[in-house]
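Q: Please take a close look at the loops of this model, beginning with the surface and then turning to the backbone.

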Amino acid sequence: MTHRRIRKNDERGAVLVLSVVGLVLAMIAGGLAVDLGFIAQHAREDQKVADLAALDGVRALPADPTTAARDSACLPLRNDFPCLEPGYSVVVEWADAVTGLFSTNTLLLPLANAVRVTTTSPHENAFPFLGAGRSVTRKAVATLGNGSGCTLPNLCVVNDGSPIGTVRVGSTVATIDSAQSAIFNRLLNQVLGGGSFNLNAVGWQGIAAGNVNFSKLKAALNYQAGTVDSLGSATFTFRQLLDASVLAMNQSGESAANINAANQLLTIAGQVGASAGAVIQFDRFFDVVGNVGSGVDVADAQINALDIVRAGLALADSDHFAELTLLASDLPAPITDLVDVKVKFGLIEAPQMKSGPPKLPPSTYRTVATTSQVRLLVEVKLNLDLGLVARVNVTIPYLIDAGTAQGKLDTLNCAVGNSVPTSVVIVGVTQPASVSIGTTTNPLLSGAAAPSPGVATLADVSVTPLIKVRIRTTAATTVSVTGKTQTLTFTPPYSMDNPQTMTGTQLLSLPVLGGPTTDTQVLVSVLGVDVLDVGLSTSVEAALLSAVVGRSTGILNNIITPAMKALGLSLGGATIWAPPPQNCNPTSFNVDPGPGGTTAIKVPTLSS
């Protein structure tokens with residue numbers, strides 16, 4: 001058998017075949033890379049043209065922006081885009097502020113707030129075997145305003161040429177009595193998680209006399225370069241807010257009242273832990289409606305120092321609920337036979353001060369400051385002589401559901417060339433409220449629906465080892481306070497020193513047992529068997545009614561009213577301020593316009 005010998009030289013040329021295949025693939029890849037590079041270069045050039053054309057076009061609104069945009073793109077001395085050559089095009093469209101849909105419908109120009117420019121240019125591949133010629137298309141959208149919240153089809157912020165004003169509403173800070181100071185101290189100690197903080201009425205009055213300059217507070221919170229919007233949405237601890245207020249009011253050139261208030265706040269801050277309470281969002285108590293750019297238009301806004309403490313006490317408590325006990329010694333005037341008072345607060349939100357534009361005719365109010373909606377359960381314990389064997393502890397539960405009070409900025413009357421309004425019109429509105437003698441099954445007084453007052457047990461006492469007397473209401477006794485609307489006009493100087501109180505409002509009064517909507521019943525338990533109206537009932541009921549009615553005025557004036565004032569709330573009436581800023585010629589104020597809003601200043605922003 002003969003074997004054929006295989007030589008190595010028989011495999012020569014195999015690599016050449018592979019090399020040819022690899023070379024072809026490399027040429028294709030190289031061609032693709034070159035073509036992609038050219039496409040990217042053309043796309044960048046077209047995008048620049050679209051960006052500049054859109055910016056120039058949006059400045060022409062509410063006129064047709066087509067000519068302005070095409071001139072920007074096509075003129076030789078501008079961007080020299082060859083609009084008239086085959087394959088090149090510039091399409092100009094606009095969007096209205098209502099639908100946000102882009103079109104060339106000229107009927108929508110009065111409402112237009114954005115311009116979109118679409119550029120198209122031809123592109124031919126350098127390597128023909130990679131495919132036929134293609135085109136490059138790029139788009140750019142320019143929008144009026146500063147872009148805050150501007151996400152089409154939502155409304156974009158544009159300046160409507162409005163002046164700006166400020167509204168503050170709440171209880172007066174003219175005087176702070178010992179009852180209010182006791183409530184402040186107890187609330188503060190609760191936020192601190194316990195403690196023995198105690199500032200007298202003079203100290204609290206000193207805080208109420210101070211005002212914090214907004215721009216200085218903004219800087220003290222390390223938001224010098226931040227916008228009002230960014231500060232408004234920022235959160236701080238109660239201690240951070242107090243420390244910043246002290247720093248803002250304790251600077252060179254501040255008034256003696258502000259420096260004194262700063263020293264009082266420093267006393268509070270020294271006892272507040274760095275993380276005490278929940279975080280506080282700044283715009284929950286001072287807010288600017290719309291967008292004011294760097295904040296120059298509200299730089300001189302004055303925030304009352306006591307409002308900062310109030311807001312901190314309300315907001316730093318995460319569930320907005322507080323419970324405290326007042327003794328007879330805490331009250332400015334004694335209430336006969338008072339043992340103590342348990343006060344429970346359920347706050348819906350903190351009172352507010354707001355700056356922003358006036359009403360958008362005919363009836364859209366854009367700047368509205370409100371006091372808090374509050375629910376209070378005031379349980380007054382009295383030790384009364386009801387004609388029984390001994391004196392009896394009687395508890396009268398007053399359940400208060402207080403609606404909000406509002407200050408609505410209506411009109412700023414501006415003279416030509418004068419930046420300070422000749423007058424500012426604010427509409428004050430109070431909401432209905434009610435006071436009941438009754439209990440509630442909602443211990444935190446929370447929830448959207450008002451708690452329903454129920455039957456209240458006023459006294460439960462043993463007369464003898466075998467006889468027990470229980471006095472209770474047969475229904476909740478309720479007094480209602482109706483709402484009211486009133487127009488108030490303020491004139492210069494605009495300051496914290498010139499509040500106005502709504503006149504003719506129905507003020508709070510307390511319900512009286514035995515009135516037309518309720519009665520009391522006396523249950524006498526003999527050997528465990530409840531018997532209604534036995535012998536003692538007439539005399540016991542008469543003694544109870546007489547004792548409670550005789551103390552109602554003191555309970556209202558020395559407990560309930562100070563509690564409301566301490567929280568900055570108005571009940572049945574409203575105290576309203578028009579503090580600075582009140583400005584006829586704001587420099588950077590923008591608001592969300594309604595349909596048909598005019599455009600006075602155009603600051604375009606760009607999105608590709």
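A: Leu466, Val526 and Leu527 form a nonpolar surface patch of about 290 Å². Patches are built from residues with over 30% relative accessible area and no salt bridge, joining like charges within 9 Å and nonpolar side chains (Val, Leu, Ile, Met, Phe, Trp, Tyr) within 5 Å. A salt bridge is a side-chain nitrogen of Lys or Arg within 4 Å of a carboxyl oxygen of Asp or Glu, and accessible areas follow the Shrake-Rupley method with a 1.4 Å probe, with only the protein chains shown counting as cover for residues. This is a predicted model, in which local features need pLDDT of at least 70 and side-chain atom pairs count only at pLDDT 80 or more, while totals for chains, interfaces and linings use all residues. Residues are numbered from 1 along each chain as its sequence is written, and side-chain values use heavy atoms, leaving out hydrogens and water.

Leu466 sits in the loop between strand 20 (457-464) and strand 21 (467-473); helices (H or I, at least four residues) and strands (E, at least two) are DSSP runs numbered from the N terminus.

Turning to the backbone, the peptide bond from Pro361 to Pro362 is cis, with omega near 5°. Pro362 belongs to the loop between strand 13 (353-356) and strand 14 (368-370). A cis bond, with omega near 5°, also leads from Pro580 to Pro581.

Asp337, although not a glycine, has a positive phi of about 70°, and lies between strand 11 (321-327) and strand 12 (338-347), in the loop. Asp337 counts as partly exposed because its relative accessibility is 27%, where buried means under 20%, exposed over 50%, and partly exposed in between (1.4 Å probe, protein chains only).
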